[in-house]
Every structure is written in C-alpha cells, then in structure tokens.
Amino acid sequence: MNPNSQEAARGIRIKGVSKLYTGTSHPAVDEVSLDIADGEFMTFLGPSGSGKTTMLSMLAGFVSVSAGSIEIDGRDVSRLKPHKRDLGVVFQQYALFPHLSVTKNVAFPLQQRKTPKAEIARRVAETLDLVHLGDYADRLPGQLSGGQQQRVALARAVVYEPRALLMDEPLGALDKRLRDQLQREIARMHRELGMTFIFVTHDQHEALTLSDRIAVFNEGRIEQVGKPADLYERPETLFVAEFLGESTGFRGTVDKAAGILRCGGHELRAPRLDPELDRCAGVAVVRPERLKLHVDDTEVHAEHNHIGATVTEIVYVGDRHQVGLRFADGTKGLASHPVGSPLPAMPGEGVTVSWDPRHQAIVRDHAGGPAAPAAVPAGA
Amino acid sequence: MTTTTIKARSQGREATRPRGRAAWFVLPATALLLVFFFYPIATIVWRSLTEPDAGFGNYTALLHDGLSVKVLVRTLVTALIVAATTLVIAYPYAYAMTKVRPRTRAVLTVIVLLPFWTSLMARNFAWYMLEQRGGPIERFLGLIGFDGVVLLGTVAGVTVAMVQVMLPFMVLPLYSAMEQIDPRLLDAAGSLGAPRWRAFGRVYVPLSVPGMLSGFSLVFIMTLGFYITPALLGSPQNSLISQVISERVSKLLDFGGAGALGTVLLGVTLLVLFIVSRFGGPARALGGAVTHD
C-alpha cells in the first residue's frame with residue numbers, strides 16, 4: 001500500500017453531522033463539518049447548550065448520530081459502539097471507578113485489551129509518572145483531591161495510546177489555581193504524546209492558551225474555526241467577537257465602494273471589506289488593547305479611525321488600566337491603557353479614541369437589517 | 001496533604017460538638033428498647049439456662065431430639081433461598097427504577113410498596129387461595145403440562161409467598177445503592193474498551209454490592225423469624241423454627257426449650273450480621289473515604 005495515500009487519510013473527519021434528540025424541535029448539533037488533523041489540539045468552544053458536548057459525545061459514541069458521518073483515518077465509525085472506537089475520554093466529574101485503586105483504574109483499559117500482565121504493570125507505572133502520581137498508586141479515588149483524580153483520569157485515558165483523547169470540560173470542577181496547573185500539564189502531555197486532543201470548554205482563556213485551532217460553537221453550529229490568534233484578531237461573526245475576549249463594537253452600514261463603515265455622521269475607514277457585506281448592517285469590532293486614548297484628535301495618526309467618547313471608569317488591574325468608555329449614542333466601550341503612560345482623561349471627562357483600521361474586524365450585525373443608530377460623537 | 005488532614009480534623013471536631021445533646025434525643029428509644037426488648041430477651045436466655053434445671057440441658061437436648069437441628073437447617077436453607085430469589089427478582093427491578101423518568105419511578109415505587117399497605121393476613125390468605133388444590137396456580141401449571149402440582153403445604157409454596165412479602169425490603173436498599181452510581185462510569189468503561197455487559201459486570205455490579213448486602217441480610221434475617229406465612233401455607237411436616245418455638249410455648253409449655261431455640265436463632269442472626277458487616281465494611285467506606293480516613 002502506498003504510505004502517502006494512507007497518510008492523507010489520517011485524522012478525524014466530521015461530515016455534516018446533526019443530532020436531533022427525540023421530543024425536541026431544534027437540533028442540538030446542526031450539520032457540523034470539521035476536519036481535525038492528526039496530532040492537532042482542537043478545542044470546541046461555546047456557551048452551555050451550544051452543542052459542543054453533544055458533538056464530543058457523538059465522537060465518543062455515547063450519543064448516536066442523527067445524520068452525517070464521523071470518520072477516523074478514513075474509516076466510518078458513526079455506527080460503532082464506544083468500546084470499538086479506540087478513543088480516550090476524560091469527563092468533567094472524573095468518572096473514576098470508585099471501587100478500584102489508582103493502579104487498577106489505569107490498568108482497566110489495558111486489561112480490556114488483554115495486554116500481558118508485566119506490560120500492564122510497566123505502562124501503568126510509566127503513565128502514572130507522566131502525571132506525577134507515582135506515589136498514589138494504591139489509593140482509592142475517594143482519597144485523592146479533585147486535581148489528582150483528574151490526573152488519574154488523564155492517565156487512564158492515554159495509557160492504551162488511543163487514536164485521540166477527548167476531554168469534556170476536564171477542568172470545570174477545579175478551582176482556579178489547580179485549573180492553571182492542570183492546563184499546563186495537559187499542554188505538556190500533548191507535546192510529549194503527539195496525540196490528537198479534542199477539548200471541550202466554555203472558557204475562552206483555556207481555549208486560547210491550549211489550542212492549535214478552536215471551533216466556536218453556537219446554537220448547534222460552528223461559527224468559525226481557526227487558530228486562536230485568527231479568531232481573536234479576525235472574528236468573522238459578531239458572536240465570535242463577543243464570546244472570545246472583550247471588544248468594542250461600532251455599528252453602522254457598510255459601503256464597499258468607498259471602503260467605509262458609515263456610523264451615522266461618522267465614516268470609519270474599512271479596507272479589505274467582504275463584498276457580501278456591501279450595504280448591510282455591519283459592526284466594526286476592536287479589541288481593548290488596540291484602542292488608543294488621546295486628549296484630542298490632533299495627535300491621531302492620519303490613517304487611523306477616531307471617535308470621541310466619555311470616560312466612565314478607570315480600573316487598575318495591575319499590568320494595565322481598564323478604561324470604560326461611553327460614546328455619544330450610549331454605546332459602551334472598553335480600552336486598555338498601559339500603566340506606564342499618563343492617562344489622557346479622568347472619569348467624566350472627554351477623550352478621543354483611535355485605532356488602526358487593520359486591527360478592526362467588520363462583521364455582519366446580529367439583526368442583519370438596516371443600520372442601527374451608531375456610535376456618533378455629538379461634538380465631532 | 002497537611003491541609004486536608006487539618007480540614008478533616010476540624011470537621012471531626014464540629015461533628016462531635018452536638019453529640020452531648022444528641023444523647024438526650026435517643027433516651028426515649030433506648031429506654032423503650034431496654035424495657036420491652038432487652039429485658040424479655042435476657043429473660044428468655046435466663047430461662048433457657050435454668051428451666052427446668054440449671055445448665056445447658058436445653059441446648060444439648062436440641063442437638064439430640066432429632067427434630068430441632070433439622071428444622072434449624074431447613075429454616076436457614078429456606079431463608080437463603082428466599083433471600084437469593086428475592087435478590088435475583090429485585091435487582092433488575094431496582095435497576096429499571098434508576099433508568100426511567102421520575103413519574104414512572106414513582107409508579108414503580110408504589111407498586112413495590114403496595115404490599116406494605118395490605119394486611120399480611122390478607123396477603124397470606126390470598127396466597128392460600130392461589131396455591132390450594134384446584135386453585136389458579138395448579139390449573140395454570142396443568143395447562144402448560146405440569147399436572148397435579150400443589151404448592152400449598154410445601155416449602156416451595158412457602159418460599160414463593162415469602163419472596164413476594166420480602167420484595168420491598170430488597171428493592172429499596174438496592175435502589176438507594178444503585179441511585180448513587182454515576183451512569184457516566186459505564187460510558188467511561190465503554191470508552192476504555194469494555195463492551196456494555198462487561199462494563200456492567202466489572203463496574204456496576206461491584207458498586208451495587210452494598211445495596212445487595214443490606215437487602216440480602218435484611219431479607220435473610222426477617223425470613224428466619226417468619227411465623228404466619230409458614231404456619232398458614234406450610235405443613236407441620238415442613239415447619240420452620242418459629243412454628244416449633246410457638247408450639248413448644250403454647251402446647252408443651254416448654255419455656256426452657258423454646259428459649260434455647262430462640263437463643264440459637266438470635267445467635268445465628270447476629271452471626272449473619274457480623275459476616276455481612278465484615279463484607280460490607282470496606283464497601284461502605286468507599287462512599288465517604290475522604291472524610292473517614
């Protein structure tokens with residue numbers, strides 16, 4: 001067999017998969033298609049009820065597929081029982097077997113595969129070392145902390161070198177310090193094992209720090225798939241812009257020919273506009289760290305967009321100031337200002353906000369109809 | 001590790017504080033048990049050792065009268081069969097209770113508890129009618145080719161009725177144990193490569209052991225002392241231990257001998273409880289392992 005053709009088929013392919021639970025009218029997952037490359041760290045990100053966990057359950061085989069198919073390395077596994085899919089699963093509530101010791105929990109999948117005893121002992125010990133739990137081998141899960149239990153669950157899910165590791169909000173039940181620590185360990189395991197990881201979370205920070213690519217789920221569909229930086233810097237929908245990180249949105253109407261977004265009396269420069277958006281209601285989304293604050297518009301760069309605003313509050317968060325803004329039409333905004341440089345205005349005072357149009361993303365407005373009243377500074 | 005120990009210890013202290021006051025709350029029940037339970041038992045044991053003569057005469061007589069040992073063994077075997085049969089019938093029922101919707105579960109619970117709300121005598125007479133010669137059971141068995149099977153008066157007939165009476169005592173502890181089992185554990189076992197039935201056997205069944213033990217011991221012990229059902233549905237040739245005790249007291253006025261039989265029954269019961277607690281100990285510790293250690 002040609003090794004190249006085999007190589008090409010490797011990976012997980014989700015083709016038009018839907019899930020309609022009986023007794024419901026809206027599908028929990030709605031025609032989702034996604035290719036996950038071999039060895040990739042893919043995150044399903046979305047709010048609760050967005051279908052991300054249902055999608056993961058269909059991958060694992062706990063939930064049947066209503067339509068579409070799931071292929072692993074070119075083989076359709078949509079109708080296979082979970083135990084025949086060769087995938088590892090980590091659950092939010094650990095799901096360790098409470099009557100078995102740590103060692104026996106981790107040995108369980110190897111026993112199912114009829115691995116010789118000596119090899120089981122060796123691989124269990126190796127994997128427990130990988131998650132730094134070698135000293136806890138004889139404990140029962142109930143005698144471990146939440147973080148330790150989740151590390152046992154990780155060890156149990158990778159010890160048999162499954163085709164991919166699926167994780168359903170694995171850090172959701174842990175406190176913040178443990179969450180950060182385990183996040184780093186998961187990243188390290190991904191590097192060391194080179195295994196495909198599929199990670200479900202509603203936490204954008206987790207998604208941004210861990211993933212090679214993120215699929216943002218909303219109402220059963222994927223809104224956008226991309227590298228963390230792409231999603232953050234170039235969101236394609238308002239949902240992605242608002243769900244992933246903080247942003248300020250300037251609402252207006254797109255004029256493709258002029259290359260501008262009209263916000264009432266204001267014209268925001270908008271290069272490289274999507275032709276489909278022409279004459280539609282659009283939103284210019286700008287991240288807080290891209291907004292610059294000035295005393296007035298004299299020092300604004302000639303090619304940058306600028307709008308006047310009122311400072312509503314200034315919050316010191318250690319590494320920067322978070323500056324709350326209100327524009328003439330009442331739209332709220334958020335800018336982050338470096339701690340080292342002097343603040344151009346205090347709360348209640350006027351300020352000029354500017355940004356490089358290359359750092360804004362123009363997305364279709366939720367309503368999609370005629371332009372809503374936009375951020376128009378009264379005195380500009 | 002240090003912080004967990006400290007936390008556990010302080011929790012322990014909080015738990016002990018109200019214990020002094022709690023002693024007053026158990027006083028009425030303790031007093032009642034002392035007067036109406038422990039005193040009569042002490043009397044029975046005393047009489048078994050003193051009437052008609054002081055010593056172990058009553059107990060040695062039990063070994064040699066040719067009947068008592070046989071009845072005791074028959075009672076133990078019957079109790080074992082009843083407990084085992086009840087377990088086999090109740091296990092899938094309790095499992096189904098954990099799987100259905102809350103409303104269906106309420107209906108299933110009522111069905112289990114229904115016998116509780118019916119008089120024991122009424123139920124025993126109902127079984128009498130069903131099991132008697134020419135009754136529905138004999139006729140039904142005749143239809144499917146087993147002619148002349150009369151359950152009334154046999155150990156089997158007694159067993160069938162006792163299983164029905166005992167069912168709630170098995171279903172309820174089983175259900176409460178099974179309800180604690182996280183259904184995701186079976187998903188986890190599946191993802192790790194275990195087919196459904198093996199996941200059930202390796203994960204679910206072991207985790208339901210505490211419920212099986214408490215249901216089994218409850219039914220076993222209650223069956224040992226059953227009187228009305230074997231008296232009505234059994235026969236003198238197949239009598240169980242409580243019938244023999246009753247006969248000695250009411251017909252033979254042999255309080256010493258009856259006391260000895262009663263004491264042996266009590267001993268057997270305590271032995272069973274001891275064995276079960278031995279098995280159940282580690283299983284019970286599973287639930288709250290963190291705080292108890």
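Here are questions and answers about the two chains above.

The model is predicted: local features need pLDDT of at least 70, side-chain atom pairs count only at pLDDT 80 or more, and totals for chains, interfaces and linings use all residues. Residues are numbered from 1 along each chain as its sequence is written, while chains are lettered from A and ligands numbered from 1 in the order in which they are written.

Biologist: Into which domains is chain A divided, and how far apart do their C-alpha centres lie?

Modeller: Domain bounds come from an automatic or database domain assignment. Chain A has domain 1 (3-230) and domain 2 (248-364). The C-alpha centres of these two domains of chain A are separated by 40 Å.

Biologist: Which residues of chain A does the UniProt annotation "domain: ABC transporter" cover?

Modeller: UniProt positions are given in the numbering used here, feature names are shortened, and annotations may be inferred rather than shown by experiment. Residues 12-244 of chain A are 36% helix and 24% strand, and their end C-alpha atoms lie 25 Å apart. Helices (H or I, at least four residues) and strands (E, at least two) are DSSP runs, numbered from the N terminus. The unreviewed UniProt entry places this annotation on residues 12-244.

Biologist: Is A:Tyr94 buried or exposed?

Modeller: A:Tyr94 sits in the loop between β6 (87-90) and α3 (102-112) of chain A. Its phi is positive, about 65°, although A:Tyr94 is not a glycine. A residue is buried if 20 or more other C-beta atoms lie within 10 Å of its own, exposed if 12 or fewer, and partly exposed in between, with C-beta atoms placed from the backbone. A:Tyr94 has 25 other C-beta atoms within 10 Å, so A:Tyr94 is buried.

Biologist: What about A:Lys114: buried or exposed?

Modeller: A:Lys114 lies in the loop between α3 and α4 (117-130) of chain A. Phi of A:Lys114 is also positive, near 55°. Within 10 Å there are 8 other C-beta atoms, so A:Lys114 is exposed.

Biologist: Which residue is the bridge partner of A:Asn218?

Modeller: Two strands pair if DSSP finds at least two bridges between them. β9 (residues 213-218) and β10 (residues 221-226) of chain A pair in the antiparallel sense over 5 bridges. They form a hairpin with 2 residues between them, and A:Glu219 in the turn has a positive phi of about 50°. In β10(A), the partner of A:Asn218 is A:Arg221.

Biologist: What separates the C-alpha atoms of A:Val295 and A:Leu80?

Modeller: A:Val295 is in the loop between β15 (292-294) and β16 (305-316) of chain A. A:Val295 has 13 other C-beta atoms within 10 Å, so it is partly exposed. A:Val295 and A:Leu80 are 215 residues apart along the chain, and their C-alpha atoms are separated by 64 Å.

Biologist: How many residues of chain B are in contact with chain A?

Modeller: Two residues are in contact if their C-beta atoms, placed from the backbone, lie within 7 Å. Chain A brings 21 residues to the contact, and chain B brings 18. On the chain A side, β6 and α3 each supply at least two residues. The count asked for, on chain B, is 18.

Biologist: How many helices are there in chain B?

Modeller: UniProt (unreviewed entry) places "transmembrane region" at several stretches of chain B, including residues 71-94 and 203-228. Residues 71-94 of chain B are 100% helix, with end C-alpha atoms 33 Å apart. Residues 203-228 of chain B are 85% helix, with end C-alpha atoms 40 Å apart. Chain B has 0 strands, and its helices number 15.
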